[in-house]
Amino acid sequence: MSSWIPRVVAILFILFVSLFALDAFSGEASVLVKLGGFLIHLVPSFVLSAILVLAWKRPAYGGAAFILAGILFTLVFNTHEQLSSFLSISVPPFVIGALFIASGRTRRSRSI
């Protein structure tokens, strides 16, 4: 398996999650309040980006961290209450984590 597949999927998922931050610009608040809300809404994207950096160097640890992120997304954002939310928000980190772990194992077995 190519080590680029989990990386590309992770980047696409981070971009998808980042789109939700744009709703901070709706409403009647001042520009500074909207900007603050935008940055707060980007916190999950920042965390996922940090996990991606870890996974880039250490696929097994990063994969485990993505799986943990999937669990946290399920609990924090209550995605378990609606199937579409669960499939679009919680499942991708599980898949990305599994891809990174598989990629790390493939890379490690090739180097032996």
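This is a predicted model: local features need pLDDT of at least 70, side-chain atom pairs count only at pLDDT 80 or more; totals for chains, interfaces and linings use all residues.
Helix 1 covers residues 4-19. At 1.5 Å a residue, its 16 residues should span 22 Å, and the end C-alpha atoms of the helix lie 23 Å apart, which agrees with that expectation. The buried residues of helix 1 are P6, R7, A10, F13, I14, V17 and S18. These residues lie on the same side of helix 1, because the arc they cover around the axis is only 140 degrees. In an α-helix, residues three or four places apart point the same way, because each turn takes 3.6 residues. The exposed residues L12, L15 and L19 are carried by the face of helix 1 that is turned away from the buried side.

Two of the buried residues of helix 1, A10 and F13, also belong to the largest nonpolar core, where they are among the residues with the most contacts inside the core. At least two core residues come from each of helix 1, helix 3 (43-57), helix 4 (59-76) and helix 5 (83-111). Beyond its neighbours within four places in sequence, F13 is in contact with L48, F73, S88, I89, P92, P93 and I96.

The largest pocket holds about 270 Å³ of space. Its lining consists of 13 residues, and those nearest the pocket centre are V17, F20, P44, F77 and I89. Of these, V17 is also one of the buried residues of helix 1, and I89 is also a contact of F13. Helix 5 supplies the largest share of the pocket lining, with 3 residues.

Notes
Residues are numbered from 1 along each chain as its sequence is written. Side-chain values use heavy atoms; hydrogens and water are left out. A nonpolar core is a set of buried Ala, Val, Leu, Ile, Met, Phe, Trp, Tyr and Cys residues joined through side-chain atoms within 4.5 Å. Buried means under 20% relative accessible area, exposed over 50%, partly exposed in between (1.4 Å probe, protein chains only). Helices (H or I, at least four residues) and strands (E, at least two) are DSSP runs, numbered from the N terminus. Contact means heavy atoms within 4.5 Å. The expected span of a helix is 1.5 Å times one less than its number of residues. The arc is that of the directions from the helix axis to the C-beta atoms. On a 1 Å grid over the protein atoms alone, a cavity is a set of points where a 1.4 Å probe fits but cannot get out, and a pocket is an open set with protein on both sides within 12 Å along at least five of seven lines; lining residues have an atom within 4 Å of a point. Grid points are joined across faces, edges and corners, and a volume is the space filled by probe spheres set on the points.
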